[in-house]
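Student: Could you take me through the aromatic rings here, and what surrounds them, in one go? I'd like the cut-offs along the way.

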Amino acid sequence: MKKISAILLTCLFLTSCTFGPRYCQPIMDMPEQQITGGISPYINPKWWEMFGSANLNSFVQEALENNKTLAIALAQTEQAFAQLRITRASLFPEADIGANTNWGTLAPSGQIAPDPVEAFSIAPKVSFELDIWGKNRKLSESDRARYFATRAAYDLSRLMVSANVVNAYFLVLSLDASIEILKTAIADGEKINEVYLKRLKAGTISRADYLRVRANSETDKATLIDLQAQLSAAKSALAILCGRSPRDIVEKDIKRSKNINELIVVPQIPAGLNSEILRYRPDVRQAEQNLISANALIGVARAEYFPEIALTGTAGYASAALVGLISPATAFWSLAGGLTAPIFQGGRIRAANRAAEAAARQAFAEYQLAVENAFKDVYDALTANRLRRNILAHSKQAAKDMQASYNIARAQFNAGIIDTVNLLDIRRTMLNARLNMVNSQYNLLTAVSGLSKALGGGWQAKPVQVACSKE
């Protein structure tokens, strides 16, 4: 037995050899600008809480618990982990147990029996493939990376779902605000219609003026109906994101306690970004783990050129006529080895190597693209944050000025200074300015959430170490 142990230890020592390129994190041309402060609210694990809405927080939490897309991504992560365990099992010996019963004249001791006897044997069987060229270890490395890639994909789904919930909630609030503006405008228009109808009957205005006023009111009503339809669609979309049942989607309303003006908008952060931060983005982590996996599979493909050595060992007991089944005298063991070497494969191995190398090049390009998109997303989000704040400031001032202008115009019309056409033009401009202000508020809020999304919004895990591998 000592001799067998020595052989096994020697064989295990030989498994230290591996083929395939070493993995090193790709070096890319990164920007030099960096920021040091003001970023923490955007990368908080619960970044949506910075808007100060309890209802929004509850919607996001409901989605993270019940969203079907997240359920799919979680199941894929569990599948990848199970596959990793399957692959890692090939690094260790396999043990089975078997029993046989035979009739014959040869006894277990090797002597010839005068009469046929029943021979019974029971033995555990151990088999092990020597991983001399590192094929199984490279497979394990590849599946480990794939598992981390699915974890990153889950984090990406989580980020997308939370961002979609936040933006859907903002849309609901902005539509609420726009609808309230239209309702106020319609109520005001009905009063104007009554005044103009009396003047028409009194003969102080023409029928053309009255019809123009009434058409203006009807346009507002049509716009209101369109906004109500958009609100219904926005609420059902939010309900689906939250994973609600079909019945709840139809019957359960979307609660909101704050209007869009009461949401908190955190201060903007300066331009520029530390390149290290974007390594936390789930799509970048996913792309890099896919690259690590593809890189490891090159070693798997190259190992196919070399022979495989398998060891099989058995140890157990044998008896005649079921007598002395567990007697030490009947104990036996054996050790056998087999070697399989490729000779002619019709170009299969060479093609497999080329395919693995091409897959690695594809993964490398996809990783580069993910990094490039990450910087583009952040650059665009930073720009949108800065510009949307300015747009909102101008929109608020425009709405304020146009409201004042309309109030003056109504007084001038009543005094006979301006005509109906001028009054209606000013009123239409005022109404559009108020609606544009709401739209600007919505765009700024989505720009803020977009920056959190671009930064990876609430990191669930740090990047896996990506220094050059020692293998």
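Tutor: F81, Y147 and F148 form one aromatic cluster. Before going on: this is a predicted model, where local features need pLDDT of at least 70, side-chain atom pairs count only at pLDDT 80 or more, and totals for chains, interfaces and linings use all residues. Residues are numbered from 1 along each chain as its sequence is written, and side-chain values use heavy atoms, with hydrogens and water left out.

The structure holds six aromatic pairs (Phe, Tyr or six-membered Trp rings with centres within 6.5 Å; planes under 30 degrees apart are stacked, over 60 edge-to-face, the rest tilted). In one of them, F51 and F170 have ring centres 4.9 Å apart and planes at 80°, so they sit edge-to-face. F51 belongs to the loop between α2 and α3 and F170 to helix α5, 119 residues apart (helices are DSSP runs of H or I, at least four residues, numbered from the N terminus). Both F51 and F170 are buried, meaning under 20% relative accessible area with a 1.4 Å probe, protein chains only.

Another pair is Y196 with F413: centres 5.4 Å apart and planes at 10° make this one stacked. Since Y196 is in helix α5 and F413 in helix α9, the pair ties together parts 217 residues apart in sequence. Y196 and F413 are buried too. Over the face of Y196 lies R199, 5.8 Å from the ring centre (the criterion is Lys NZ or Arg CZ within 6 Å of the centre and within 35 degrees of the ring normal).

Back at F170, its contacts (heavy atoms within 4.5 Å) beyond four places in sequence include F51, L56, I260 and Y442.

Note on methods: Helices (H or I, at least four residues) and strands (E, at least two) are DSSP runs, numbered from the N terminus. Buried means under 20% relative accessible area, exposed over 50%, partly exposed in between (1.4 Å probe, protein chains only).
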